[in-house]
Amino acid sequence: MIKKRIIPCLDVKDGKTVKGVNFVGLKEVGDPVELAKKYYAQSADELVFLDITATHEHRDTMVHIVEKVAENIFMPFTVGGGIRTTEDIRKILRAGADKVSLNSAAVKNPELLADAASQFGDQCVVLAVDGRMRSDGSGWNVVIHGGRIDTGIDALEWIEHGVSKGAGEILLTSMDADGTKKGFDIPFLKAVRQRVHVPLIASGGCGCLEHFAEVFEENAADAALAASLFHYGELTVGQVKEYLDERGIPVRW
């Protein structure tokens, strides 16, 4: 069985790592470089770095911070936020990232996924999707610009299209679950699973050890991403892996 990945996430704003609930009420939680070093020491499988206001502020990703993080960790490193062109992608990869996360820019220009996959390989193209349940409960819409704009685009159809364009992995964030600590959005994840067969990272809502186990035992994702649990020291990556191992869920040591 493929081993499951545990991935801390750094949401970065103004050079500081922040965390909120449902994408609002952001609070500073630490220095991204120091947090990255801590998670590397805890044997995290990967690290995700999202410059969460770059797109909304119409600016490039903070490359200098990406470089500092990359200098201090030796594990797969995904960077997103403010990436609009293949030249932006090239800069991020040269700064030390292994993968790039494309969200708003891909929605506006799906060909960016194809161009990125063609130039750099689909293994480094992560399609990040922020989704919110429609008010009538009929499905999920894609939301862009850090949760500010509901596009009205069906999330499942968009993910299927994104994979057909060249996305090699999906980072799925449930805006309904984000920061609530009530568990991952299993129905949303499973709906995506039925549509595509690339690796799927679950994001949003993890609040305890049982939630990590649930998302894997339900076969709803290949990797689990969390932020506040790790940032506030409620759990370490090692504690999560030990718990999963005890439950018979294969993890990387």
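Trainee: In which loop is Lys 181 found?

Mentor: Lys 181 is found in the loop between strand 10 (169–174) and helix 7 (186–195). Here helices (H or I, at least four residues) and strands (E, at least two) are DSSP runs, numbered from the N terminus. The model is predicted, so local features need pLDDT of at least 70 and side-chain atom pairs count only at pLDDT 80 or more, while totals for chains, interfaces and linings use all residues. Residues are numbered from 1 along each chain as its sequence is written, and side-chain values use heavy atoms, with hydrogens and water left out.

Trainee: Why is Lys 181 called partly exposed?

Mentor: Its relative accessible area is 30%. Buried means under 20%, exposed over 50%, and partly exposed in between (1.4 Å probe, protein chains only). Lys 181 therefore counts as partly exposed.

Trainee: What is the phi of Lys 181?

Mentor: Lys 181 has a positive phi of about 60°, although it is not a glycine. Most residues other than glycine have a negative phi. Ser 43 is likewise not a glycine and has a positive phi of about 70°. Ser 43 is found in the loop between helix 1 and strand 4.

Trainee: What makes Ser 43 partly exposed?

Mentor: The relative accessible area of Ser 43 is 39%, and it is therefore partly exposed. Glu 57, found in the loop between strand 4 (47–51) and helix 2 (63–72), has a value of 36% and is also partly exposed.

Trainee: How do you know that His 211 is buried?

Mentor: His 211 has a relative accessible area of 13%, and is therefore classed as buried. The place of His 211 is in helix 8 (residues 209–217). Contact means heavy atoms within 4.5 Å. Leaving aside residues up to four places away in sequence, His 211 touches Lys 181, Lys 182, Gly 183, Phe 184, Gly 205 and Cys 206.

Trainee: Why does Pro 187 count as exposed?

Mentor: Pro 187 has a relative accessibility of 53%, and therefore counts as exposed. Pro 187 is found in helix 7. The C-alpha atoms of Pro 187 and Ser 135 are separated by 16 Å, and the two residues are 52 residues apart along the chain.

Trainee: What makes helix 6 oblique to helix 7?

Mentor: Helix 6 and helix 7 pack at an angle of about 40°, with their axes 10 Å apart. That angle makes helix 6 oblique to helix 7. Axes are lines fitted to C-alpha atoms, for helices over the stretch in contact, and angles run from 0 to 180 degrees between N-to-C directions. Angles under 35 degrees count as roughly parallel, over 145 as roughly antiparallel, 65 to 115 as roughly perpendicular, and the rest as oblique. In this pair, Ala 155, Leu 156, Glu 157, Ile 159 and Glu 160 of helix 6 meet Phe 188, Ala 191, Val 192 and Arg 195 of helix 7.

Trainee: Why are helix 3 and helix 5 called oblique to each other?

Mentor: Their axes come within 10 Å and cross at roughly 45°. Helix 3 and helix 5 are therefore oblique to each other. Where they meet, Thr 86, Ile 89, Arg 90 and Leu 93 belong to helix 3, and Leu 112, Asp 115, Ala 116, Gln 119 and Phe 120 to helix 5.

Trainee: Which residues of helix 5 are buried?

Mentor: In helix 5 (residues 111–120), the buried residues are Leu 112, Leu 113, Ala 116, Ala 117 and Phe 120. They cover an arc of only 130° around the axis, which puts them on the same side of helix 5. The arc is that of the directions from the helix axis to the C-beta atoms. Among the elements covering these residues are helix 3 (86–94) and helix 6 (155–165).

Trainee: What puts the buried residues of helix 2 on the same side?

Mentor: Ile 65, Val 66, Val 69 and Ala 70 are buried in helix 2. Their arc around the axis is only 135°, which puts them on the same side of helix 2. Their cover includes helix 1 (32–41), strand 4 and strand 5 (77–80).

Trainee: How many residues has the largest nonpolar core?

Mentor: The largest nonpolar core has 76 residues, and Phe 212, Val 215 and Leu 244 have the most contacts inside it. Such a core is a set of buried Ala, Val, Leu, Ile, Met, Phe, Trp, Tyr and Cys residues joined through side-chain atoms within 4.5 Å. A second, separate core of ten residues includes Ile 7, Leu 171, Ala 223 and Leu 225.
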